[in-house]
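Here's a friendly walk through one protein chain, for someone meeting it now. Have a look at the model first, then read on.

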Amino acid sequence: NQWVALFGQEGGVVINRDVARLRGKFGFWGLWQGRFAATDSIFTALKDAGPARTGPLLGLGMAAAHRGDYARAAEIFEKEVLAIDPDDEHAKTWLGLALFRKGDSGKAKEILEPLAASAKAEDARTLAKSLLEEIAASA
């Protein structure tokens, strides 16, 4: 099926999957631009469209982290994204970031050390290494 239903504050609409992917890209673009309300709206609509996928949840977790809501970000990564894909290196890295920022350096290190050593995704490995350096400097 190449169509997906999106439901947001303005009501529902059925769109092509390619349009849904494009909307997800706009969500991540909005995230980097600091447009968190728009980002939340886009990723919530994509998440609600089902079936369960990690992309919209990653976006929601990253937006929560960028807003400084590290407890919510950790919850999204740990209980939602990793429940769908326990091996998602990006979710694990962002979970480590959220845990560190909310004050749980020990648990953050446990998650980040294996990623820094052997994550397949280069950006996840690089971020994990950078966060471990930051954790070491703050000790």
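Helices (H or I, at least four residues) and strands (E, at least two) are DSSP runs, numbered from the N terminus. With that in hand, Lys120 sits in the loop between H6 and H7. Residues are numbered from 1 along each chain as its sequence is written. Keep in mind that this is a predicted model, where local features need pLDDT of at least 70 and side-chain atom pairs count only at pLDDT 80 or more, while totals for chains, interfaces and linings use all residues; side-chain values use heavy atoms, leaving out hydrogens and water.

The chain has seven helices and two strands, and from the N terminus on they run β-β-α-α-α-α-α-α-α. Of its 139 residues, 40% are buried (under 20% relative accessible area; exposed is over 50%, partly exposed in between, with a 1.4 Å probe and protein chains only).

Back to Lys120: with a relative accessible area of 78%, Lys120 is exposed. Lys120 touches Glu89 and Arg125, leaving aside residues up to four places away in sequence (a contact means heavy atoms within 4.5 Å). Glu89 belongs to helix H5, residues 89-101. Lys120 and Glu89 are 31 residues apart in sequence, yet 7.9 Å apart in space, C-alpha to C-alpha.

Does that make Glu89 buried or exposed? Glu89 is buried and has no salt bridge; Lys120, the nearest side chain of opposite charge, is 6.0 Å away. A salt bridge would need a side-chain nitrogen of Lys or Arg within 4 Å of a carboxyl oxygen of Asp or Glu. For charge, Lys and Arg count as positive and Asp and Glu as negative, with His and the chain ends not counted.

Now for the core and the rings. The largest nonpolar core has 36 residues, and Phe77, Val81, Leu95 and Leu112 touch the most other members. Such a core is a set of buried Ala, Val, Leu, Ile, Met, Phe, Trp, Tyr and Cys residues joined through side-chain atoms within 4.5 Å. These helices each supply at least two of its residues, as does H5:

| Helix | Residues |
|---|---|
| H2 | 36-49 |
| H3 | 54-67 |
| H4 | 70-84 |
| H6 | 105-118 |
| H7 | 122-138 |

A search of the whole structure finds one aromatic pair. Phe77 and Trp94 form this tilted pair, 6.4 Å centre to centre with 40° between the planes. Rings of Phe, Tyr and Trp (its six-membered ring) pair if their centres lie within 6.5 Å; planes under 30 degrees apart are stacked, over 60 edge-to-face, and the rest tilted. Both Phe77 and Trp94 are buried.
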